[in-house]
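Subject: Structure handover

Hello,

Please find the structure below, handed over for your course notes.

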Amino acid sequence: MNIGPIKIRLPAVPYGAICIFPFVFYDRDGHDASHEETHWWQQLELLILPFYFLYALFYLFGLIRWRDHQVAYYRNPFEVEAYVNELDDGYLDDRRWYAWMRHVGYWFGEHE
Ligand SMILES: [Zn+2]
């Protein structure tokens, strides 16, 4: 099955690229495309809205816990999956459903 985001290039996009299902908006070519496509699959498998809810929960509790936007952002399991694999061209072809879940332990302080 060959499905994926509807990619739309715009002159300027916050953070360079952003995924809002079913779209990925971006303003330059590069590995951000794979990063955002990972978020696209995360959103699809969580039926969109629960993704945003969980994403916000991980971020907000992370912010309370670490009192640091960068740490809260980079330790979010959805971001960990996207960052760890964004340079692996074949990753999305072999990705398992709910692959972000393996990074939840990292949020709770386990080593990866
Ligand atoms: Zn991301």
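Strand 1 and strand 3 run parallel where they pair, and four bridges link them. Among the residues involved, K7 has V24 of strand 3 as its bridge partner, and R9 stands opposite Y26 in strand 3. Please keep in mind that this is a predicted model.

Strand 3 also pairs with strand 2, this time in the antiparallel sense, again over four bridges. Here I18 stands opposite F25 in strand 3. The link between strand 2 and strand 3 is a hairpin of two residues. P22 lies in this loop between strand 2 and strand 3, and the peptide bond from F21 to P22 is cis, with omega near 10°.

Taken together, the three strands form an open sheet in the order 1-3-2, with mixed pairing. Strand 1 (6-9) and strand 2 are the edge strands; each has a single partner strand, so one side of each has no neighbour in the sheet. Direction ignored, neighbouring strands of this sheet are turned by 20° against each other on average. As background, strands of a sheet pair through backbone hydrogen bonds, and this can be parallel or antiparallel.

Which residues of strand 3 lie on its covered face, and which on its uncovered one? The covered face has V24 and Y26, while F23 and F25 belong to the uncovered face. In general, the side chains of a regular strand alternate between the two faces of the sheet.

The largest nonpolar core has six residues: A17, C19, V24, Y26, W40 and W41. Strand 2 (17-20), strand 3 (23-26) and helix 1 (32-45) each supply at least two residues of it.

Helix 1 also contains A33. Is A33 buried or exposed, or something in between? It counts as partly exposed, because 16 C-beta neighbours lie inside 10 Å, and a residue needs 20 or more to be buried. Apart from neighbours within four places in sequence, A33 is in contact with A17 and Y26. A33 and K7 are 26 residues apart along the chain, and their C-alpha atoms are separated by 8.8 Å.

Now the chain as a whole. Its secondary structure comes to six helices and three strands. Read along the sequence, the pattern is β-β-β-α-α-α-α-α-α. The C-alpha trace spans about 35 × 30 × 25 Å along its principal axes. For 112 residues, a compact globule would have a radius of gyration near 13 Å, and the 14 Å of the chain agrees with this. Of the 112 residues, 25% count as buried. Among contacts in the chain with a separation of 6 or more, 33% are between residues 24 or more positions apart.

E79 is found in helix 4 (residues 77-85). E79 is buried, because 21 other C-beta atoms lie within 10 Å, and the cut-off for buried is 20 or more. Leaving aside neighbours within four places in sequence, E79 is in contact with Y73 and Y74. E79 and G4 are 75 residues apart in sequence, and their C-alpha atoms are 19 Å apart in space.

Two loop residues have a backbone angle to check in the display. I48 sits in the loop between helix 1 and helix 2 (49-66). Its phi is near 70°, a positive value in a residue other than glycine. I48 is partly exposed, with 14 other C-beta atoms within 10 Å. Y98 is the other residue: its phi is positive, about 60°, although Y98 is not a glycine. Y98 is placed in the loop between helix 5 (91-94) and helix 6 (104-107). With 12 C-beta neighbours inside 10 Å, Y98 counts as exposed.

Regards

How values were computed:
Residues are numbered from 1 along each chain as its sequence is written. This is a predicted model: local features need pLDDT of at least 70, side-chain atom pairs count only at pLDDT 80 or more; totals for chains, interfaces and linings use all residues. A nonpolar core is a set of buried Ala, Val, Leu, Ile, Met, Phe, Trp, Tyr and Cys residues joined through C-beta atoms within 7 Å. The radius of gyration is taken over C-alpha atoms; the globule rule is 2.2 Å times the number of residues to the power 0.38. Two residues are in contact if their C-beta atoms, placed from the backbone, lie within 7 Å. Two strands pair if DSSP finds at least two bridges between them. Axes are lines fitted to C-alpha atoms, for helices over the stretch in contact, and angles run from 0 to 180 degrees between N-to-C directions.
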